[in-house]
Amino acid sequence: MRAVWITDIHLDVLSESACSGFFESIASQRPDEVFLTGDISVAPSLLAHLRAMADAIQAPIYFVLGNHDFYHGSIATVRKAVSECSRSHALLQYLPEVGVVPLTKSTALVGHDGWGDGRYGDYARSSVRLSDHVLIEELTGLTHSQLRQQLRHLGNEATAYLRKTLRKALDQFRRVIVLTHVPPFKEACWYQGQVGNDEWLPFFACQAVGDLLRNLMEKRPEQQLDVYCGHTHNPGTAHILPNLKVFTGEAEYGAPQINKVIEVD
Ligand SMILES: [Fe+2]
């Protein structure tokens, strides 16, 4: 089984013909499925872009959402609309909605958006302010400490979902693939070949999810977990445990690419 992995494609900054060209390049790989790890578009154009992609590629697209997908909207509203779309569209599969996806006899797929949860790095001293904090309804108009609470809450939500879903997947399958937008470990939060610094880490990695993944896989040394994520636009592979690897994808605004063709056995 052959999957094409793409991430941080930001279709909203592309012309319609550039979008079509990119979709054709994916279709020409003849994938059995597409793995998409978020930052697909922005809220007002997200569903139209997802549908156009599915029409052009004609293969199941398993995806999670990134922070940009909520820009000019709210997290709750976008997730609800995308979940509804996923329930009625044969090819668009939003992973938090679909749960454990069996890919082969031995491998399953699960995923959640995740969120930079303010726990890694030095949130209190960080002067980083993201567009997230003015363009996403739930994150606007908050004090620095209210924002921290909200980021932790979003990280906890992702962790609670993955705790339940991953246990179920690992009880049935030897290998599990996780798609998430935000790197779950600081070691996977690449920036120009290095890991992110204390200024940026609070917003670019999700410690709560990372702690869960490490914990689960330490107890299951005979099983394998591969994580695919994006968000930093800088590529790297982090070997967290012998049975836990994290791939962070490269991306460039205006020039989406295929990050990897994954052979799943
Ligand atoms: Fe992002």
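Which residue of E12 stands opposite Leu-241? In this predicted model, local features need pLDDT of at least 70 and side-chain atom pairs count only at pLDDT 80 or more, while totals for chains, interfaces and linings use all residues. Residues are numbered from 1 along each chain as its sequence is written.

The residue opposite Leu-241 is Leu-244. Strand E12 (residues 244-248) runs antiparallel to E11, and five bridges join the two. Helices (H or I, at least four residues) and strands (E, at least two) are DSSP runs, numbered from the N terminus. Six strands make up an open sheet of mixed pairing, ordered E5-E6-E7-E10-E12-E11; strands pair if DSSP finds at least two bridges between them. E5 (101-102) and E11 (236-241) each have a single partner strand and stand at the edges, so one side of each lacks a neighbour in the sheet.

Helices also meet this sheet. H6 (residues 144-172) lies across E6 (107-111) and E7 (175-179), at about 175° to E6. H8 (residues 207-218) touches E10 (224-229), E11 and E12, and its direction makes about 50° with that of E11. Contact here requires C-beta atoms, placed from the backbone, within 7 Å. Axes are lines fitted to C-alpha atoms, for helices over the stretch in contact, with angles from 0 to 180 degrees between N-to-C directions.

Turning to a helix pair, the axes of H2 (residues 43-57) and H3 (residues 75-88) come within 11 Å and cross at roughly 15°. That makes H2 roughly parallel to H3 (angles under 35 degrees). Ala-43, Leu-46, Leu-47 and Leu-50 of H2 make the contact with Val-78, Ala-81 and Cys-85 of H3.

Conventions. Angles under 35 degrees count as roughly parallel, over 145 as roughly antiparallel, 65 to 115 as roughly perpendicular and the rest as oblique. Two residues are in contact if their C-beta atoms, placed from the backbone, lie within 7 Å.
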